[in-house]
Each structure stands twice: as C-alpha cells, then as structure tokens.
Amino acid sequence: MANRVTAQGGRAWAALVGFLLAVYAVAAVGALASADAGSVYTALDLPPWAPPAWLFGPVWTVLYATIGIAAWLVWRRQAAAGRKPALVWWVVQLALNLGWTPLFFGLGEYGAALVEILLLVVATSFTILYFSRVSRAAALLLVPYLGWVCFATALNAAIWAANG
C-alpha cells in the first residue's frame, strides 16, 4: 500500500528529534511567558476541582512528547495522501498552543485566552481527524492531549468567570 511507505533510517530519527524540538520550543516559550505562573495561578479564585499548580509541568511534559511523536508518525508516511493537510493542522494547533500561555499568564487576559483555547480545541480535533486518515496510532496519541485541553478550557472558563 502506498500509505505504508515510511521514511526510515537516519533521516527519520532526525525528523523525530526535529518534531520534539519544535514542541519543546513551544513549551520553553510558554515557560518564559509564565515565569511566575505558579504564583499567578495560586492567587486566582480557583474552582474546587482545579488541580494543584505542580501538576501542570509533568502533564505537559508527557503531552508534548506525544504531540511530537504523533506528528513524526504522520510525517513518516511519505506516500499518504492526507499527510500534508494533517501536518498543516498540526502546525496550526501548535501555534495556538503557543499563544495561550502568554495570553493567560503573561497578560492576564482570561477571556481572550478562553477564545484562544476554544480555537485550540477545534484545531486539535481537526488534527486528530486528519491524523486518523494517515496513522491511527498518531491520532490516538493526541487523544489525551485533546482531553487535557478540554479540561483546561473548562478551567479557563471557570477562572474567567470568577476572576473576570
């Protein structure tokens, strides 16, 4: 099958490193934009179901790895018809991911951050849909990410409502 043709060897491993560097670069920018995120978060009026601040780092570390690996799995399917649009959606969701932290923590714009994260939910959903046409494993790797982003959306909405 044409969809089974995959990039292999050194080029494939270099691409994996590239995808992981891209997602962790987004994480690094987010960390720079939210250097005082822990104190900002704990100072907010939070809903009772809000997780502790320390949980976000470990969760995002794992999720960023799955986001990078998922893109790599799609990229490896060199002959897949839907590969390019799938990777375009991946870039869109990653750009939206990048934008949320500065809006929320850097600027304290909770309403704008809510709109932005809603767009991230949509973009991630489309990414999963397009990834599923190329690699089921890649699409499944993004499901926990979408779940966490949906949870973060609800948390963002609750914070905006309480801290407007």
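**Close-up views of a predicted helical model**

**Figure 1. Ala70 is located in helix α3.** A helix here is a DSSP run of H or I with at least four residues, a strand is a DSSP run of E with at least two, and both are numbered from the N terminus. This is a predicted model, in which local features need pLDDT of at least 70 and side-chain atom pairs count only at pLDDT 80 or more, whereas totals for chains, interfaces and linings use all residues. Residues are numbered from 1 along each chain as its sequence is written, and side-chain values use heavy atoms, with hydrogens and water left out. Ala70 counts as buried because its relative accessibility is 0%; buried means under 20% relative accessible area, exposed means over 50%, and partly exposed lies in between (1.4 Å probe, protein chains only). Leaving aside neighbours within four places in sequence, Ala70 is in contact with Phe131, Ala138, Leu141 and Leu142, where contact means heavy atoms within 4.5 Å. Ala70 and Ala137 are 67 residues apart in sequence, and their C-alpha atoms are 7.4 Å apart in space.

**Figure 2. Leu63 and Gly68 are two further residues of helix α3.** Leu63 has a relative accessible area of 7% and is therefore buried. Not counting residues up to four places away in sequence, Leu63 touches Pro144, Tyr145 and Trp148. The C-alpha atoms of Leu63 and Leu142 are separated by 8.1 Å, although these residues are 79 apart along the chain. Which residues does Gly68 contact, leaving aside its neighbours within four places in sequence? They are Phe19, Leu20 and Val23. Gly68 is buried as well, because its relative accessible area is 0%. Between the C-alpha atoms of Gly68 and Leu94, 26 residues apart along the chain, the separation is 10.0 Å.

**Figure 3. Ala79 belongs to the loop between α3 and α4.** Is Ala79 buried or partly exposed? With a relative accessible area of 38%, Ala79 is partly exposed. In sequence, Ala79 and Val134 are 55 residues apart; from C-alpha to C-alpha, they are 9.5 Å apart in space.

**Figure 4. The largest nonpolar core contains 50 residues.** Such a core is a set of buried Ala, Val, Leu, Ile, Met, Phe, Trp, Tyr and Cys residues joined through side-chain atoms within 4.5 Å. The residues with the most contacts inside the core are Trp90, Phe104, Phe131 and Tyr145. At least two residues of this core come from each of α1 (10-33), α2 (37-43), α3 (56-76), α4 (83-106), α5 (110-132) and α6. In soluble globular proteins, nonpolar side chains tend to be buried together. Not counting residues up to four places away in sequence, Phe131 touches residues including Ala70, Val74, Trp90 and Leu142.

**Figure 5. Thr124 and Asn156 lie in helices α5 and α6, respectively.** Thr124 counts as buried because its relative accessibility is 0%. With residues up to four places away in sequence not counted, Thr124 touches Gln93, Tyr145 and Leu146. The helix that holds Asn156, α6, covers residues 136-163. Asn156 is buried, since its relative accessible area is 1%. Among the residues that Asn156 touches, not counting those up to four places away in sequence, are Trp100, Phe104 and Tyr110.

**Figure 6. The largest pocket has a volume of about 610 Å³.** On a 1 Å grid over the protein atoms alone, a pocket is an open set of points where a 1.4 Å probe fits, with protein on both sides within 12 Å along at least five of seven lines; lining residues have an atom within 4 Å of a point. Grid points are joined across faces, edges and corners, and the volume is the space filled by probe spheres set on the points. The lining has 28 residues, of which Phe56, Trp60, Trp100, Thr101 and Phe105 are the closest to the centre of the pocket. Each of α1, α2, α3, α4, α5 and α6 gives two or more residues to this lining. By class, the lining has 20 nonpolar, 8 polar and no charged residues; Ala, Val, Leu, Ile, Met, Phe, Trp, Tyr, Cys and Pro count as nonpolar, Asp, Glu, Lys and Arg as charged, and the others, Gly among them, as polar.
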